[in-house]
Amino acid sequence: MSLTESQVQDVLRTVIDPNTGKDFVSSKSVRQISINGQYVTVDIVLDYPAKSIFDDLRALVIQAIKTLPEVDNVTVSISSRTVSHRVQPGVQLIPNVRNIIAVASGKGGVGKSTTAVNLALALAAEGAKVGILDADIYGPSQPQMLGINSKPESTDGKTMEPLERYGIQAMSIGFLIDVDTPMIWRGPMVISAMEQLLRETRWKDLDYLIVDLPPGTGDIQLTLSQKVPVTGAIIVTTPQDIALLDARKGLKMFEKVSIPILGIVENMSTHICSQCGHEEHIFGSGGAARMCADYNTELLGSLPLDIRIREETDNGTPTVVAEPAGQIAGIYKSIARRAAVKVTALGRDHSSKFPNIVIQKT
């Protein structure tokens, strides 16, 4: 009896993708099955970036298919593809940007910018095309964290080319001003500057644009929700109660303006002593998990308070590029994958599939 495609599909229905919780058939990840005698070839296309675990997923699929007695050899190819997802209605889209993820916090000092840059680098390491916009006009951090000290160029006098480092595109007010120059601007000027940085940058074919927001729930956050096509938001907090109080306000703000919450990242979850390696919860424990339970959202991951994270970002080499195979970089990559999976669960944007109506005089 010869092997059939339906037999292979039945087996693949039992293989659960650990990132989505769905089998590869129902998630429509299996794009092609080829059978040549006892040789099976399967093509899988994921709708989220996951380059660092392709080998693990491939092994799961091969192991399952080899349980069929008629199979002698299995070849599995895995790739990923990111599409645009739905944003707020009536908001003008950003050319060449498929999805915008806002990284926010209710208060300063919780490691939001560090999380944002490492999240961007982690998505890029997982195979996505990524950019980061430093929307903190008063206190831009990304130039220091990415180790960029040059200024953007303009080829047409109207738009700017993003600067690139470590495989991601970046734009910040910090690229345009002297490092010691304070931004003594009122709200309308700050909002105008943020919109210009976003819309007058010639982003190049981005799967994800990470927007590093200033702390709080002020003018820039409101403008972002009203005028910027945001796919979803990530809230960064620490476990302590005072930080969680403000994080809850940030989460509720996004809920009120109909921007989906992708999840919460708990920073400084535990402290690891650089001398002895002892680990303890100096800011408390379980705070972000309780907040997730209260608001029916997901804890994307927890990061330690580790001196290396601070040292590496201060030196312009964030952890994901400084120690790409390290444990902390692995946590950032896991958070990036979870956030991307949450994006895929949102409705897709099909606006590009509809033709433009052009009225001509005849």
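Q: Before anything else, what is the radius of gyration taken over here, and what is the globule rule?
A: The radius of gyration is taken over C-alpha atoms, and the globule rule is 2.2 Å times the number of residues to the power 0.38. This is a predicted model, and what follows should be read with that in mind.

Q: OK, so how does the protein's radius of gyration compare with that of a compact globule?
A: For 362 residues a compact globule would have a radius of gyration near 21 Å, and the protein has 22 Å, which agrees. Taken along the principal axes, the box filled by its C-alpha atoms is roughly 80 × 80 × 40 Å.

Q: What about the surface, and what share of the residues is buried?
A: The accessible surface of the protein comes to about 17,500 Å², with 50% of that belonging to carbon and sulfur atoms, while buried residues make up 49% of the 362 residues.

Q: And the secondary structure, how many helices and strands?
A: There are 11 helices and 13 strands in the protein. As for contacts between residues at least 6 apart in sequence, 75% of them join residues at least 24 apart.

Q: Which residues have the most contacts inside the largest nonpolar core?
A: Those are Leu12, Val42, Ile210 and Phe254, in a core of 103 residues. The largest share of this core, 8 residues, comes from helix 11, which covers residues 327–344.

Q: Take Val42 then, what does it touch?
A: Leaving aside residues up to four places away in sequence, Val42 touches Val8, Leu12, Val30, Gln32, Ile33, Ile65, Thr75, Val76 and Ser77.

Q: Ile65 is in helix 2, I think; which residues of that helix are buried?
A: In helix 2, the buried residues are Phe54, Leu57, Val61, Ala64 and Ile65. They cover an arc of only 105° around the axis, which puts them on the same side of helix 2. On the other side of helix 2, Asp55, Asp56 and Gln63 are exposed.

Q: What covers the buried side, and how far does the helix reach?
A: The cover for the buried residues of helix 2 includes helix 1 (5–12), strand 2 (39–46) and strand 3 (73–80). Helix 2 itself, residues 54–65, has 12 residues and reaches 17 Å from its first C-alpha to its last, close to the 16 Å expected at 1.5 Å a residue.

Q: Switching to helix 9, which residues are buried there?
A: In helix 9 (residues 307–314) they are Ile309, Glu312 and Thr313. Seen down the axis of helix 9, these fall within an arc of 95°, so they line one face of the helix. Their cover includes helix 3 (112–125), helix 4 (142–146), helix 10 (319–322) and helix 11.

Q: Last topic, backbone: where does Asp205 lie, and what is its phi?
A: Asp205 lies in the loop between helix 5 (187–199) and strand 8 (208–212), and its phi is near 50°, a positive value in a residue other than glycine. Most residues other than glycine have a negative phi.

Q: And Met268, is that buried or exposed?
A: Met268 is buried, with a relative accessible area of 17%, whereas Asp205 counts as partly exposed at 32% relative accessibility. Met268 has a positive phi of about 55° although it is not a glycine, and its place is in the loop between strand 10 (261–266) and strand 11 (271–272).

Note on methods:
Residues numbered from 1 in each chain as written. Predicted model: local features only at pLDDT ≥ 70, side-chain atom pairs only at ≥ 80, totals over all residues. Heavy atoms only, no water. Core = buried A, V, L, I, M, F, W, Y, C linked by side-chain atoms within 4.5 Å. Buried < 20%, exposed > 50% of the residue type's maximum accessible area, 1.4 Å probe, protein only. Helix = DSSP H or I, 4+ residues; strand = E, 2+ residues; numbered from the N terminus. Contact = heavy atoms within 4.5 Å. Expected span 1.5 Å × (residues − 1). Arc of directions from axis to C-beta. Areas by Shrake-Rupley, 256 points an atom, 1.4 Å probe, with all protein chains shown as cover.
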